[in-house]
Amino acid sequence: MNSPTSSQPAPSTLDIRTFASPISEANTQPLASSSTRPTVLELRAVTCAYEPQRPAIEAMSLTAAQGDILCLLGPSGCGKTTTLRAIAGFERVTYGEIRLNGRLVSSPQHHVPSEERRVGMVFQDYALFPHLCVADNITFGLHRWPAAARRERLRIMLDLIGLKGLEHRYPHELSGGQRQRVALARALAPNPVLLLLDEPFSNLDPDMTVKMREELLQLLRGTRTTTVLVTHDHDEAFAMADQVAVLHGGRLVQCDAPETLYHLPNCPFVAEFVGQADFIPGVIENGKVMTEIGEFPRQGTYQGGNHVLVMIRPDDIRIVRVGHGTARIEYRQFRGSENLYRIRLPSGRHIHCAQPSTHVYAIGTAVELEIIATHTVLFEQSSTR
Amino acid sequence: MSLHQQANLTVDVSQGVLRCSGNWTVTSLSRLERQICKIKWPEQRAVVWDGSGITALDTCGAVVLYRCLERLRKEGREISWIGLRPEFAELLNLVADQALAIAKMPVDGQPHWVARLGVAVWTKANQAIQAVAFLGASTMAGVQALVSPRTLRWRMLAKSLERDGFHALPIIGLLSFLMGVVIAYQGAEQLRALGANIFIVDLVGIALLREIAPLITAILIAGRSGSAYTAQIGTMRVTEELDAVRTLGISPFQYLVLPKVLALLVALPLLTVYADVLGVLGGMMIAANQLNIEMTEFLSRFEQAIALKHYVIGLVKAPVFAVIIALVGCYQGFQIYGGVDSVGQRTTISVVQSIFLVIVFDALFSIVLNWWGV
C-alpha cells in the first residue's frame with residue numbers, strides 16, 4: 001500500500017506511517033505498490049490565480065500513480081474544481097508545474113492546450129452533445145480513427161456501460177444515470193491517460209448514487225484507469241479513493257489513504273470535515289492525557305504544549321452506566337443502524353456518542369462514559385479551528 | 001514557497017498573546033491584511049505581543065502592525081512587547097511618529113481616479129489583445145486546414161452552408177427585390193421630372209451591384225447567422241460542452257470556428273449575386289411600370305451602362321464581410337462566462353458589433369476605391 005505522506009507541516013505532526021500500515025493492510029487493494037507503478041500525474045507547487053494576490057489554489061503538490069484513484073475533497077470554494085481544471089488545461093498555472101506521464105504540460109511559461117493532453121473528463125452536468133445520439137456522443141473523440149476501429153470501440157464501450165440497444169437515443173431520452181454512463185464512455189473511448197471526474201454523483205438521487213458509485217469503481221478498477229475525482233462528500237471520497245487529498249482555502253491540508261485520514265487527521269479541520277468529531281481540552285501529565293471524561297494514553301509524536309485538545313469520534317466512547325454519572329443525554333438522532341447521542345458534560349461541553357440502534361435512552365438521562373479509543377489524536381489547544 | 005517565511009499573526013485567546021512571525025514585508029501585505037480582517041482579538045485588557053518570530057520588517061509591515069496596535073490602544077488595552085528585535089522596534093517607532101500621515105492613508109474604499117483609469121485602460125487593452133489572439137488562432141486553424149484538408153470538419157461545414165446559406169435564400173431574395181423596387185420608385189420621380197427616364201438603369205444597376213446588395217446581404221446574415229453563432233458557442237460554453245470538445249482532443253477552432261468562417265466565405269458571395277439579380281429584377285419591374293421602359297430595353301441599356309467593375313467590387317466586399325461576421329459572432333460566443341443570462345447580452349453585442357464593422361469596412365472600401373480612382 002502507499003506510504004502516506006502529509007504534504008504540509010501541520011499544527012501537530014503525528015507519525016502517521018507507524019499507524020497506517022496495519023489499517024491499510026486490512027483493506028485489500030487490487031493494485032501493486034505505488035512505487036512499482038509509473039507516476040501518471042504530478043503537480044508540483046501549483047498555484048493558480050484568477051486575480052494576482054488572491055490565488056484560487058496555492059502550492060498544491062499531488063501525485064497519482066498508474067491506476068490510482070485520487071480524490072480531491074473539500075468544502076465549496078476550496079479550490080478543488082480549479083485544481084481539476086488546471087490539470088485538464090482549462091486554467092493556466094501562475095507558479096509550479098503539472099506533468100502528465102512525465103511530460104510537462106503546465107508551467108507559467110509552457111501550456112499544452114487541453115486538446116493535446118489526452119485527458120478524459122466527466123463533467124458535473126455531463127455536457128453531452130444534445131444534437132448527437134448516444135453512439136455519436138461516444139465516438140466523438142474518435143474522429144481520426146478508421147471507421148472499423150471506431151465501430152469496434154463503440155461496441156466495447158456500450159458493453160462496458162451496459163447501454164447496448166440505446167445507441168440511437170438522444171441524451172434527452174435517457175435517465176440521469178444513463179446520461180452519466182454515456183458521459184463516462186465518451187471520456188474513456190479515446191483511451192485517455194487520465195480520467196477527471198467533477199462531482200460525478202451530485203446530480204443523481206441518493207439511491208442511485210450508491211449503485212453508480214459501485215459500478216463506477218468496478219469499471220475504473222477493471223480498466224485500470226488513473227482517476228482524479230472531485231467531491232465535497234467524504235463518504236464518496238472514502239468509498240472510491242486510494243488517496244484522499246483534503247483541500248482548504250486553496251491549500252492542500254492532508255493527502256493520505258482514507259483510513260489514515262479518518263483516524264489520524266493532521267489538523268482539527270480535517271478531523272471535522274471527514275466525519276463527526278468533538279474536541280475536549282486536556283492536560284498532559286505523566287505520559288497520559290487527563291480530560292474531564294477520563295484519561296487517554298499519550299500516543300503518536302505530538303510535540304507541543306501541555307494544554308491539548310483531544311479528538312473524539314462518536315465511536316471512541318461508550319455509555320456504560322445509565323442513571324448514574326454527571327453527563328446528561330441532550331439529544332438523540334436515530335440513524336437506522338445506530339443512535340447518535342449528544343451528551344452534555346458537566347463543564348457544559350458537548351460530545352457525541354454512537355450507540356447500537358437498539359440502545360434507546362430518554363433525553364435527560366444521566367450517563368457515565370467509558371473511553372474505548374484505540375489511539376489518541378492530540379492537537380495544540382491554540383490551533384485555530 | 002517555503003511556509004515559515006510567510007508573514008503570520010496567531011492569537012492565543014486564552015492567554016492574550018499575539019504572535020507575529022515570518023517576513024512582514026510588502027510582498028505579504030495583502031495576505032496579512034486579509035488575515036487581520038478575520039482575526040479574533042483576545043478579550044484580556046493586558047495584551048502581550050510576541051515579536052520574536054518576525055524575520056524581516058519593512059515600512060509596509062510596520063504600518064500594518066502599527067494599525068493593529070492603534071486599534072487595540074483605542075479599545076483601552078495595555079500592550080507589552082516581548083522579543084521584538086531592537087532594529088524592528090526602531091522602525092516601528094519611526095512609523096508611529098508619522099501617525100497623522102498614516103491615518104490619512106486610505107484603508108479600503110474607492111480607489112483613486114488614476115487607479116480606476118489605469119484599471120479601465122488595462123481591461124480594454126487586455127480585451128484588444130484577446131481579440132487579436134483570437135484572430136491569430138483562427139488564422140492558424142485556417143492555415144492548418146489548408147495544409148491538411150483532412151482535419152477540416154466537412155460535416156459541420158456542409159451543415160453550416162445549408163443553414164446559413166441555403167435557408168437564407170427566401171428572405172434575402174425578398175428583401176433585395178424590395179430594395180430594387182424602392183430605389184427605382186424614388187429614382188423614377190426625379191428622373192421623370194428631368195426627362196432622363198433611361199438613366200433609371202444606371203441608378204438601379206450601380207447602386208445595387210456596388211453597394212446595396214452586398215450590404216443588405218451582410219447585414220441580414222449578421223442578424224441571422226452571426227447571432228446564432230454567438231448563442232450556440234455561448235450555450236456550449238455555459239453547459240461545458242466546449243470543454244468537453246477540447247478534452248476529446250478536438251480544437252474548438254477546427255470544430256466550430258473554421259467551418260462557420262468557410263461556410264460564410266462561400267455563401268456570402270453567392271448570396272450577393274443572388275441579391276443582385278433579384279434587386280435588378282425589382283428595379284426593372286418598376287421601370288416598366290412607372291417609366292414605360294420595356295424589359296428588353298432595360299437589359300440592353302444595362303449591358304452598355306454598367307461596367308463590370310461595379311459587379312466585381314460588390315463581389316469583392318462579400319468575403320470580407322463574411323469573415324467579419326463569422327469571427328465577431330464566434331469571438332463573442334467565446335467571451336461568455338458564467339450563466340445563461342450573458343448569452344442574450346453577448347448576442348446583442350455580437351450583432352451590433354458585426355453590423356458596425358461591416359458598415360465601417362464598406363466605407364473604407366469606398367474611400368480606398370475612390371482614392372485609386374476605380
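How far apart do the C-alpha centres of domain 1 of chain B and domain 2 of chain B lie?

## Domains of chain B

In this predicted model, the C-alpha centres of domain 1 and domain 2 of chain B lie 65 Å apart. The domain assignment of chain B places domain 1 at residues 2–104 and domain 2 at residues 125–372.

## Packing of helices H5 and H12 in chain B

Helix H5 of chain B, which covers residues 113–147, packs against helix H12 of chain B, residues 308–334, at an angle of about 120 degrees, and the two axes are 11 Å apart. Because of that angle, H5(B) is oblique to H12(B), and the crossing of the two helices is right-handed.

On the side of H5(B), the contact is made by B:Gln127, B:Gln130, B:Ala131, B:Phe134, B:Leu135 and B:Ser138, while H12(B) contributes B:Leu327, B:Cys330, B:Tyr331 and B:Phe334. Sorted by class, the contact of H5(B) with H12(B) has seven nonpolar and three polar residues, with no charged residues.

In chain A, A:His234 belongs to helix H7, which spans residues 234–240.

When its neighbours within four places in sequence are left aside, A:His234 is in contact with A:Leu73, A:Phe273, A:Val274 and A:Gly275. The C-alpha atom of A:His234 is separated by 9.6 Å from that of A:Val246, a residue twelve residues apart from A:His234 along the chain.

Methods: Residues numbered from 1 in each chain as written. Chains lettered and ligands numbered in written order. Predicted model: local features only at pLDDT ≥ 70, side-chain atom pairs only at ≥ 80, totals over all residues. Heavy atoms only, no water. Axes fitted to C-alpha atoms, helices over the stretch in contact; angles between N-to-C directions. Helix = DSSP H or I, 4+ residues; strand = E, 2+ residues; numbered from the N terminus. Parallel < 35°, antiparallel > 145°, perpendicular 65-115°, else oblique. Left-handed = near helix turned anticlockwise from the far one by under 90°. Contact = heavy atoms within 4.5 Å. Nonpolar A, V, L, I, M, F, W, Y, C, P; charged D, E, K, R; others polar. Domains from an automatic or database assignment.
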